[in-house]
Amino acid sequence: MDKPDLHPDTLAAQALGWIDERTRAVVPPIHVSTTYLRDPDNQYRSGRVYARADNPAFDQAEQLLAALEHGHQALLFASGMAAATAVFQALAPGDHVIAPKVMYWSLRNWLMGFASQWGLEVELIDMTEPAVLKASLRPGRTRLVWIETPANPLWSVTDIAEAARMAHEAGALLAVDSTVATPVLTQPLRLGADVVMHAATKYLNGHSDLIAGALVPREDSAYWQQVRKVRAQLGGTLGSFEAWLLVRGMRTLPLRVRAACATAQRVAEHFAAGHPHVSEVLYPGLPGFAGHAVAKRQMHGGFGGMLSIRVRAGEAAAIATAARVKLWKRATSLGGTESLIEHRASVEGAGTPAPTDLLRLSVGLEHVDDLIADLEQALAAAGV
Ligand SMILES: Cc1ncc(COP(=O)(O)O)c(C=O)c1O
């Protein structure tokens, strides 16, 4: 049966149904070799030479992710940052790139620092306004548009199909950080994007126990071959054990994501309903949220497990609330089984778009009533 015709749940649960042909084991083994035998006639017919460039330990995770995203293939990287920066490092100095003002802060810092020093002309814009993107594109000069949707930490939504259309009209590629949406909710390549990026550290693995990244292109191209070269030559390569763990995590991806979405929706609705201590809830699943209509078009089965709340009494009360939770874990990151709470402005520092009264919430797999009760007691105990 043609695997991509199967439902994502089926593809994920069986990790494409691979077995180890030699032993008949239903869980394929971990390949740890760093190097491969050369044939006596001096050829490398296996196609493998050295594990920095290419490792059979990656195959199952890469092919599963490519199937879920409807991509040409996938490449694993040592982290989400290694994957994201490869997208830019495959460009040439002097190229113009456009990225959002509201995005994962560490990548924004890299773009304003390293990428600019290397010669990329980086322009940060309000990506939620198609007219702003249109005006910023320079036909023939802009090589790449980077979007993140929903985007940290305000969960701003960008219309992927519209951004792809405009980028292509100007001769640029569209790359999408789809870490928060996951292929369960959104498949950007089907909406016209050229490359999808994941911090596999988050939902794809889902257990807060490995750092990994991935890229998936819609098709092969000279640009994609350059990305492959970046991974092989710059050496941002994942370890074999991490790749195996990632397959194990991805087997439950659809279940975990749908559960987190349902709980996040309930948490968002609870605190959005005129709550005495919460002035605003930022969540794409709320009908009053600015990006809701676009999110509804391009997210299917839920609006993600990430939301932010703004504490009415301000910064000190927000920090005090995070200090008083008993169940939510006070930690950065997202997409694990345990729910996390974070005063985002403290992490991002100067230049953050996060209001100082904002708490970022990553909703995990606990019971929704326990999560709401814990936040309620923390808000009350913070004296807000
Ligand atoms: C949306 C998003 N993109 C990229 C990254 C970077 O991933 P990593 O921490 O695996 O380098 C993160 C990490 O927090 C993220 O949340």
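The ligand sits in the largest pocket, where a pocket is an open set of points on a 1 Å grid over the protein atoms alone, with protein on both sides within 12 Å along at least five of seven lines, and where sitting in it requires that more than half of the molecule's atoms lie within 2 Å of the grid points. Two elements, helix 3 (80–89) and strand 6 (195–199), each give two or more residues to the shell around the ligand; helices (H or I, at least four residues) and strands (E, at least two) are DSSP runs numbered from the N terminus.

This is a predicted model, in which local features need pLDDT of at least 70 and side-chain atom pairs count only at pLDDT 80 or more, while totals for chains, interfaces and linings use all residues. Residues are numbered from 1 along each chain as its sequence is written, and side-chain values use heavy atoms, with hydrogens and water left out.

Turning to individual distances, a backbone N or O atom of G80 lies 2.8 Å from an oxygen atom of the ligand, a side-chain N or O atom of T201 is 2.6 Å from a ligand oxygen, and a polar side-chain atom of K202 lies 2.9 Å from an oxygen atom of the ligand.

Finally, is P254 buried or exposed? P254, which is found in helix 10 (residues 253–272), is buried, because its relative accessible area is 5% and buried means under 20% (1.4 Å probe, protein chains only).

Technical notes: Polar contact = N/O pair within 3.5 Å; in protein donor to acceptor, adjacent residues only side chain to side chain. 1 Å grid on protein atoms, 1.4 Å probe; cavity = no way out; pocket = protein on both sides within 12 Å on 5 of 7 lines; lining within 4 Å. Buried < 20%, exposed > 50% of the residue type's maximum accessible area, 1.4 Å probe, protein only.
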